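Dear colleague,

Please find below the structure I said I would pass on to you, together with my notes on what turned up in it.

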Amino acid sequence: MADLVITGGRVLDASGERAADVLVRGGHVVEVGEGLRGDERLDAAGCIVTPGLVDVHVHLREPGMEEAETVETGARAAALGGYTAVVAMPNTTPPLDDPAVVAAVLAAGERAICEVASSGAITKGRQGRELAPMGELHKLGVRMFTDDGDCVADAGVMRRALEYSLALPMAVISQHAEDPALAGGGAMHEGEWSSRLGIPGRPAAAEEVIVARDLILAGVTGAHVHFQHVSTAGAVEMVRAAKARGLRVSAEACPHHFTLTDACCASFDPVFKVNPPLRTEADLAAIKAGLADGTIDVIATDHAPHPTEAKERPFEEAPSGMLGLETALALVWEELVRPGVLTEAQALAAASWRGAAIAGLAHQGQPVAPDAVANLCIFDPEHRWEVDADRLASKARNTPYAGRTLTGKVRHTILRGEVVVRDGEAQR
Amino acid sequence: MKHLLSIADLTRDDIEEMLVLAESFREVTQRDIPKVPALRGKVVVSLFYEDSTRTRISFETAAKRLSCDVMGFSVSSSSVKKGESLRDTVQTIEAMGIDAVVMRHSAAGAPNRVADWIDAHIVNAGDGCHEHPTQALLDLLTLRRHLGAGLDGARIAIVGDILHSRVARSDALAFAALGADVTLVAPPTLLPSTLAGWPVSVSHDLDAVLADLDVIYLLRIQRERQNEALLPSLREYTARYGLTVERAGRLRKDALVMHPGPMNRGVEIAAEVAEGPASVITEQVANGVAVRMAVLYKLLGSGASGVVGPGAVVGASGAHVEGATLG
């Protein structure tokens, strides 16, 4: 295989920052330094060269809802967003509670332009009652177990899942923390806007009672609990306190929860409908503070494609979820890095290497150094572009940022040494 | 004005202008032949995704009295039952050549969505728990006839299931916009978790506010609320919040009793009170037609011609109306 040299960029990884060229050969980084030469040159002038991003929370919709997304198209959207690995969520049809279904997703991922890891359901059919074959799924490489889309609402089942995970190295129980008894029937954050709009609410308390309960269970069992898409100030505070006590807890936040508020729902456009819902300015500030002090470990997108016709319904009747992969890093720069909430290194830690560690992805998020697998993101923080929903690589169009001008765009993405995105264009 | 989607979109001037227009049409509705050619040739579709007797008939009557062609769209017999999306349904209807859609839907904001998709004028005839703007306008028309043009300082209590009530949302905004002092009265379980942004005060105790009221407005209480743990029982609700004969006796002599219908007699209101001298409930229904004529005329009439005001429509003497100029 020919040499590839990435020139003129600023390398930023867990080990620090330096201006350097990167030489890639045979799928690996072979040299990092000044004035390197190779058969093929990839221009990174003005760009940050960083380990490929890792998203621990995406919905690829395969199998069962291929009209919204497939492993192939979701992976392409991911690669364009700078991701070299994503973890697929289990709420497919059939769900990822079965080794054969997980194996099929992983096989499709082998052909994709982004590494696709699979989560596994915690319970059979994501019904919240009996444990899924977690051990068999673990044998296939599953590390994150979740019933995402639904909360494991039964405290007894959650306790057993946490306990059982202790026997599975690197396993993490990942919770969609929303108590259905409190959130059920709601379509947006319960507060001033839901009160005025007459849209049934999903209260912050629905998230917080589950976080409180599961932190107690994590303490009792000693297992690793991960909270998906943390969205309330109260949840951030509880996770912060639990970390201070030394519990094995991690948490993620989504770009929409630090960029958009429940006021968006006044348009009645269900492109703004998501679970957990868009919250208030105070929650948004708490999410940012949680990212800044490390209470929230990772930024995940909860990329949730839906067919256009499914969102062309009244707010209460439309499905929840929004696209995220192709806009995430630009939003991180706009809302977190440029305003000084996070340093570049903190932002990339949350978007790449900490996620790789939580998801147990050995070849992701590694420092850009000789012998590392060449999974790289080359990001131009000054590139201005307008989000055009019709030009996204995702099959779906449900981005809440359509029409917005963002500054910061992924220029190239390299997966196992292959240039899968070049100058902002997917190569296959 | 292109659409009537919510009272929240209207200024005090907008509301007052609509009420003046409605007064004119009220006069029309009292004629021997209560029909004017003001909107001849205009096509109004009534698109009701939720059962309604009075609102639908009221709108259709209003449209017919303005000489509109009215097309009824019945969800139970339509392709909606076959899974057609809301957008496809309204675009199909629009393609038939229509001017306005009067729409009721069980989901908040459904008319707002439709307004984004098609060019016709949209009139919200009730959307989920959001708003019911023509109900608020007819309630205002009724109040004006008893209390005078302004409602400044009038003490109005809206009693009942505020949380699930589109009437409460529209009425609270409309009454307050005209200067009334609005109090919501309900058990905490039937109020939104916050009332920030609502121009109202709140009480959980009907007996404490009863004696001071100029108007008591009762909302229908749904039987299902018992099953959702929002109420122990309808009996307890009546005991604490029902306008019983005994409570009605403690109202001021000139206080008005209102209800948007349909009533649960014996639950939120005693039958004797609903029929009693303080009740203006049937007037509300009658005023509904005049208000809906005003709304349809405002959206379809003056906007279309740009020259003809309400005076020309109704005519100075009320004897005859020149509708031909409206095209």
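In chain A, Val11(A) stands opposite Arg18(A) in strand β3(A), where strands, like helices, are DSSP runs numbered from the N terminus (helices being H or I of at least four residues, strands E of at least two). The two strands concerned are β2 (residues 10–13) and β3 (residues 16–19) of chain A, which run antiparallel and are joined by four bridges, and they form a hairpin with two residues between them. Two strands are said to pair if DSSP finds at least two bridges between them.

Before going further, please note that this is a predicted model, in which local features need pLDDT of at least 70 and side-chain atom pairs count only at pLDDT 80 or more, whereas totals for chains, interfaces and linings use all residues. Residues are numbered from 1 along each chain as its sequence is written, while chains are lettered from A and ligands numbered from 1 in the order in which they are written.

Sheet and helices of chain A

Chain A also holds an open sheet of five strands with parallel pairing, in the order β11-β12-β15-β16-β17. Its edge strands, each of which pairs on one side only, are β11 (144–146) and β17 (298–299). At the β17 end, strand β16 (residues 249–253) of chain A pairs with β17(A) in the parallel sense over two bridges, and Glu252(A) stands opposite Val298(A) there. Helix α7 (residues 204–221) of chain A lies across β12 (172–175), β15 (225–227) and β16, and runs at about 165° to β15(A); axes here are lines fitted to C-alpha atoms, for helices over the stretch in contact, and angles run from 0 to 180 degrees between N-to-C directions.

Helix α8 (residues 233–244) and helix α10 (residues 281–292) of chain A have axes that come within 8 Å and cross at roughly 25°. The two helices are therefore roughly parallel to each other (angles under 35 degrees count as roughly parallel, over 145 as roughly antiparallel, 65 to 115 as roughly perpendicular and the rest as oblique). The contact is made by Ala233(A), Val236(A) and Arg240(A) of α8(A) and by Ala282(A), Asp283(A), Ala286(A), Ile287(A) and Gly290(A) of α10(A), where two residues are in contact if their C-beta atoms, placed from the backbone, lie within 7 Å. These residues divide into five nonpolar, one polar and two charged (Ala, Val, Leu, Ile, Met, Phe, Trp, Tyr, Cys and Pro count as nonpolar, Asp, Glu, Lys and Arg as charged, and the others, Gly among them, as polar).

Chain B and its domains

Chain B is divided into domain 1 (7–132 + 284–326) and domain 2 (133–283), with bounds that come from an automatic or database domain assignment. The C-alpha centres of these two domains lie 26 Å apart, and their contact takes 26 residues from domain 1 and 27 residues from domain 2. On the domain 1 side, α1, β4 (121–127) and α11 (281–305) of chain B give two or more residues each, and the largest share, nine residues, comes from α11(B).

Within chain B, the axes of helix α1 (residues 12–29) and helix α5 (residues 133–147) come within 10 Å and cross at roughly 70°, and that makes α1(B) roughly perpendicular to α5(B). Ile15(B), Met18(B), Leu19(B) and Ala22(B) of α1(B) meet Leu137(B), Leu140(B), Leu141(B) and Arg144(B) of α5(B), a set with seven nonpolar, no polar and one charged residues.

Between the chains

The contact between the chains takes 21 residues from chain B and 18 residues from chain A. On the chain B side, α3 (86–95), α4 (110–117) and α6 (166–177) each supply at least two residues, with the largest share, three residues, coming from α4(B). By class, that side has eight nonpolar, nine polar and four charged residues.

Backbone points to check

Most residues other than glycine have a negative phi, and most peptide bonds are trans. A cis peptide bond, with omega of about 0°, joins Thr93(A) and Pro94(A), and Pro94(A) lies in the loop between β9 (83–88) and α2 (99–110) of chain A. Another cis peptide bond joins Gly261(B) and Pro262(B), with omega of about -5°. Phe268(A), although not a glycine, has a positive phi of about 60°, and is found in the loop between α9 (255–259) and α10 of chain A.

With best wishes
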